[in-house]
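Please look through the sequence and the model shown here before reading on.

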Amino acid sequence: RGRNVVQDVHRRTGVAPEQDFALVLSGQLPSPGEGVISWDREAYRATSTATLRLVDQQLAGQATVRVSVTSTTESAGLEVELNRVGNGGSFLGTVLLTATAVNPADGQLSVADGDDLSAVYADASPPGERRATARVDAGPPVISDVAAVREFGKIRIQWLNSEAASSRVWFGTPNAVTNLVSDPSFRLQPKVDLPLLEPGTTYFFYVAATDRAGNSSTNKIGR
């Protein structure tokens, strides 16, 4: 965040120019030439298809690459073949997650609610294992304490989620609860403001929450 651009950078003070800004990058960054493997989501349902991506520029021109995937339920895991995408070192592949019993010969990865998922790529250069993790979430968020409160002249709908989830609120008159306001951010305590409503009109609403695995729940009762 830049706060003050000093004048000497424009040579207006007669003082030698100085560097006014610096770019600082931090995090878990790959070394030059190091491959990077990732899941396409942070969490998955117990029965779903997960996509794996590998990026390793040193494999440019190679048609396929194999990686190992495991779950808490199926710790022996299986190998998944990723196919090249484009002309660079990018590869994609899928693995079917299933809630059925472990069967090493079925080509599927058996999982259960709460399982940890791991994908491992054996990188040749620089040598080492590149690992990505995800989890299995088979249950929808539990919604509680739903309330409508007035704040600064608007109606705010708020509630509690048992896990971080995105939010949707449908509202309208008794015969047409069809208007939608949403918040894609994953929150434990969502707050969604409704647009200005017509005075003297009775409105109804219900809420819905969707977690990172795609499980959804609602407080809607009846139709």
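In this predicted model, an open sheet is formed by 3 strands in the order β10-β11-β14, with antiparallel pairing; strands are DSSP runs (E, at least two residues; helices are H or I, at least four), numbered from the N terminus, and two strands pair if DSSP finds at least two bridges between them. The edge strands, each of which pairs on one side only, are β10 (143-151) and β14 (191-193). On average, neighbouring strands of this sheet are turned by 20° against each other, direction ignored, where axes are lines fitted to C-alpha atoms (for helices over the stretch in contact) and angles run from 0 to 180 degrees between N-to-C directions. Residues are numbered from 1 along each chain as its sequence is written. Because the model is predicted, local features need pLDDT of at least 70 and side-chain atom pairs count only at pLDDT 80 or more, while totals for chains, interfaces and linings use all residues; side-chain values use heavy atoms, with hydrogens and water left out.

Strand β11 (residues 154-161) pairs with β14 in the antiparallel sense over 3 bridges, and Arg 156 stands opposite Asp 193 in β14. The side chains of Arg 156 and Asp 193 also meet in a salt bridge (2.8 Å, N to O), a term that requires a side-chain nitrogen of Lys or Arg within 4 Å of a carboxyl oxygen of Asp or Glu. This pair links distant parts of the chain, since Arg 156 in strand β11 and Asp 193 in strand β14 are 37 residues apart. Arg 156 counts as buried because its relative accessibility is 18%, whereas Asp 193, at 36%, counts as partly exposed; buried means under 20% relative accessible area, exposed over 50%, and partly exposed in between (1.4 Å probe, protein chains only).

Not counting residues up to four places away in sequence, Val 69 touches, among others, Trp 39, Leu 52, Val 95 and Leu 109, contact being defined as heavy atoms within 4.5 Å. In soluble globular proteins, nonpolar side chains tend to be buried together.

Leu 92 is found in strand β6 (residues 90-98) and counts as partly exposed because its relative accessibility is 28%. Leaving aside neighbours within four places in sequence, the contacts of Leu 92 include Thr 51, Leu 52, Arg 53 and Val 85.

The side chains of Arg 130 and Asp 123 meet in a salt bridge (3.2 Å, N to O), and both residues are buried. Another salt bridge joins the side chains of Arg 187 and Asp 183 (2.8 Å, N to O), and salt bridges that share partners join Arg 66, Glu 79 and Glu 81 into one network. A search of the whole structure finds 9 salt bridges.
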